[in-house]
Amino acid sequence: MKLNERYFYCFGCGVTGNVIDLMARLFGLSSYEAAQRLAQDFGIGLDKTPAAIALPKPECPLLKAYRQEEVRCLRVLCDYLYLLEKWKRSYATGQIR
């Protein structure tokens, strides 16, 4: 089976469709019931407009903390690299301090 953001395709039986079609086939639902179930499972209110649904989700606090830690680690590694290069030049020229 091939799945992507726009459609699915079953290589075994040749069935294709969108996410609502897939949900309906998997659970034996009508298209309307499948759409309702998807909306419920993903917290999408049926009364929301598409523009309101498309609003960006707030960033995960753990992801933000991870990215900050990643930047800090990169900074430390760059400092060590600078220090090692400085030591390498000092030892090569015999100017150890």
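This is a predicted model: local features need pLDDT of at least 70, side-chain atom pairs count only at pLDDT 80 or more; totals for chains, interfaces and linings use all residues.
Figure 1. Because R72 and E69 are 3 residues apart in helix α4, about one helical turn separates them. An α-helix has 3.6 residues a turn, so residues three or four places apart point the same way. R72 counts as partly exposed, since its relative accessibility is 42%, and E69, at 38% relative accessibility, likewise counts as partly exposed.

**Figure 2. The length of helix α4 and the residue that follows the helix.** Helix α4 covers residues 61-93, which makes 33 residues in the helix. Which residue comes after α4? The helix is followed by G94, whose phi is positive, near 75°.

**Figure 3. A nonpolar patch on the surface.** The residues V76, Y80, L83, L84, W87 and Y91 form a nonpolar patch on the surface, and together they have about 640 Å² of accessible area. One of these residues, Y91, lies in helix α4. Is Y91 buried or exposed? Y91 counts as exposed because its relative accessibility is 57%, and the cut-off for that class is over 50%.

Figure 4. The structure holds 2 salt bridges, and one of them joins D41 to R37, with the closest N and O atoms being 4.0 Å apart. D41 and R37 are 4 residues apart in helix α2, which consists of residues 31-41, and they are therefore separated by about one helical turn. R37 also lies over the face of F27, at 4.1 Å from the ring centre. With a relative accessible area of 32%, R37 is partly exposed.

**Figure 5. The aromatic pair of Y9 and F11.** How many aromatic pairs does the structure hold? There is 1 aromatic pair in the structure, and this pair is formed by Y9 and F11, whose ring centres are 5.1 Å apart. The angle between the two ring planes is 85°, and the arrangement is edge-to-face, because planes over 60 degrees apart count as edge-to-face. Y9 counts as partly exposed at 30% relative accessibility, whereas F11 counts as exposed at 58% relative accessibility.

**Figure 6. The whole chain, for orientation.** The secondary structure of the chain comes to 4 helices and 3 strands, and from the N terminus on the elements run in the order β-β-β-α-α-α-α. The chain has 97 residues, of which buried residues make up 10%.

Notes. Residues are numbered from 1 along each chain as its sequence is written. Side-chain values use heavy atoms; hydrogens and water are left out. Rings of Phe, Tyr and Trp (its six-membered ring) pair if their centres lie within 6.5 Å; planes under 30 degrees apart count as stacked, over 60 as edge-to-face and the rest as tilted. Buried means under 20% relative accessible area, exposed over 50%, partly exposed in between (1.4 Å probe, protein chains only). A charge sits over a ring if NZ of Lys or CZ of Arg is within 6 Å of the ring centre and within 35 degrees of the ring normal. Helices (H or I, at least four residues) and strands (E, at least two) are DSSP runs, numbered from the N terminus. The expected span of a helix is 1.5 Å times one less than its number of residues. A salt bridge is a side-chain nitrogen of Lys or Arg within 4 Å of a carboxyl oxygen of Asp or Glu. Patches are made of residues with over 30% relative accessible area and no salt bridge: like charges are joined within 9 Å, nonpolar side chains (Val, Leu, Ile, Met, Phe, Trp, Tyr) within 5 Å. Accessible areas come from the Shrake-Rupley method with a 1.4 Å probe; for residues, only the protein chains shown count as cover.
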